Amino acid sequence: MTTIVKSFGRYTYTDEGRGIEILYRQLYAKHFEASAHVTVSATDPDGRVYALYRARTGITTDEARKKIADRVERLIVGDEKRGDMGMKAIFGMGSAIVTNDWGATINESCEQVLETHYAGTPPLNLYDDDSEEDDGWRIPGLLSEDTNMIYGQSGSGKSYLGLVWGQAIHHGVTVCGLSTIQGRVLLIDYETTPAKMRRRLRRVDAGLGVDGEPMLYIPASVPIAQMIEPLQGYIDKHGVRFLIIDSLARACGGKITDEEGVGMMFEAIRQLERPCLIIHHTNRGDEYYGSPYIRANTRNLWRLRSVKNEGTSKLSIQLEQEKENDGPGIGNLGFVLEFVGDAIDPDSVTLVPQDASLVPELRKYMGLAQRIYAYIEETATHRMEIESIPDLLDLDKSRRATFRNYIWALR
């Protein structure tokens, strides 16, 4: 009797009668052509397990399946003409492993894996589901229980903001008045070193007023799509509930304008089955950079802009929510990120809320209603002056002339 089990994005085909197990992991399918990392194992009469085949290979075509079967069969049976007895002495001359039709076994296992993969999850009646509500280990209103992304210029405070949010989730403390659903966090870092990250986390802890074990940390260099198996193991072992990935370009491992490479990264994230925050950069023109497929796969997207307050160690931050698939979203948020203590080696990093419309350099990115309200609040008479409208609307030279002529016509 054979069985197929899907767990954590991995598919395991088991033939208990013959002592065969075939593991399919990192499965990736495009245009109905699928590939996976395949491990074929067999158990000898004493219960020892032998890996007979390990490789990433196609699993859709007859030719690809035949190559796997031939490799396994040659290893087991050997070549008597050359004096190679294979593994007959291990499993026994007449054992099920030696006499097995490996072509049929590989073909059957590939077919069952693909059927299971394409079938997806059977239909559910969510109201009849007695399992507990999965609230996702997030910051409600800020980070969802899905794929979140924040993007902005280099040096704009993205990484520190991610660390503050991550440590708040990890310790279950409020941040800027926002409640946090606690869960262990794993940071996958492509940007800095463990020594620098250790200092950053201590500063963030001091600002949040927390102590104890920080979020788990992996200094990464291999693209996410190639790390699925070990990451799944870490997530299982440590009970990780939320991921932070810094940053997207290196996690993708290729051109982020390439739809296939980006698609493989997001497919890998889906196989990790955890909500995450991805940190991403803008291009040299401070514009969104990369394939539209990135936006399509992100469920909650924040655009970050920041301004350094002259003469201080403060960074005024504006977050514009460009996408929220789980509701109407909350528009814009503002914060002040402050480095407290020594200018070179701060003691702590604090994050407090701020009305970003009060920062002139950030005001132009706010909604029109917010810009008008902020302007009126700042004037002595709390009234709008006609001469200020072109600046408020950030009109170019030609539009300013058109506006001026229109006003004169009204007069």
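**Reading a predicted model**

Modeller: Let us start with Glu273, which lies in the loop between α9 and β10, bearing in mind throughout that this is a predicted model.

Colleague: What is the phi of Glu273?

Modeller: The phi of Glu273 is positive, about 55°, although this residue is not a glycine. With a relative accessible area of 44%, Glu273 is partly exposed. Gln26 likewise is not a glycine and has a positive phi of about 55°, but this residue is found in strand β3, which covers residues 20-30, and Gln26 is buried because its relative accessible area of 14% is under 20%.

Colleague: Which peptide bond is cis?

Modeller: The bond from Asp246 to Ser247 is cis, with omega near 10°, and Ser247 has its place in the loop between β9 and α8.

Colleague: I would like to turn to charges. How many salt bridges does the structure hold?

Modeller: The general idea is that side chains of opposite charge can pair when their charged atoms come close. In this model there are 16 salt bridges, and one of them joins Glu229 to Arg10, with the closest N and O atoms 3.0 Å apart. Glu229 lies in helix α7 (residues 228-238) and Arg10 in strand β2 (residues 10-15), so this pair ties together parts that are 219 residues apart in sequence. Both Glu229 and Arg10 are buried, and together with Arg25 they are linked in a network of salt bridges.

Colleague: What do the side chains of Asp70 and Lys66 form where they meet?

Modeller: They form a salt bridge, at 3.0 Å from N to O. Both residues belong to helix α1 (residues 62-77), where they are 4 residues apart, which is about one turn of the helix. Lys66, at 52% relative accessibility, counts as exposed, while Asp70, with a relative accessible area of 27%, is partly exposed. One more pair to look at is Arg399 with Asp396, whose closest N and O atoms are 2.9 Å apart in a salt bridge; here Arg399 is exposed at 51% and Asp396 is partly exposed at 35%.

Colleague: Which residues gather in a patch of positive charge on the surface?

Modeller: Lys196, Arg198, Arg199 and Arg202 gather there. Of these, Arg199 is found in helix α6, residues 194-208, and is partly exposed, with a relative accessible area of 40%.

Colleague: And which residues form a nonpolar patch on the surface?

Modeller: Leu124, Leu126 and Tyr127 do, with about 470 Å² of accessible area together. Leu126 is found in the loop between α4 (102-119) and β6, and this leucine counts as exposed because its relative accessibility of 63% is over 50%.

How values were computed. Residues numbered from 1 in each chain as written. Predicted model: local features only at pLDDT ≥ 70, side-chain atom pairs only at ≥ 80, totals over all residues. Heavy atoms only, no water. Patch = residues over 30% accessible without salt bridge, like charges linked within 9 Å, V, L, I, M, F, W, Y side chains within 5 Å. Areas by Shrake-Rupley, 256 points an atom, 1.4 Å probe, with all protein chains shown as cover. Salt bridge = Lys/Arg side-chain N within 4 Å of Asp/Glu carboxyl O. Lys, Arg positive; Asp, Glu negative; His and termini not counted. Charge placed at Lys NZ, Arg CZ, Asp CG, Glu CD. Helix = DSSP H or I, 4+ residues; strand = E, 2+ residues; numbered from the N terminus. Buried < 20%, exposed > 50% of the residue type's maximum accessible area, 1.4 Å probe, protein only.
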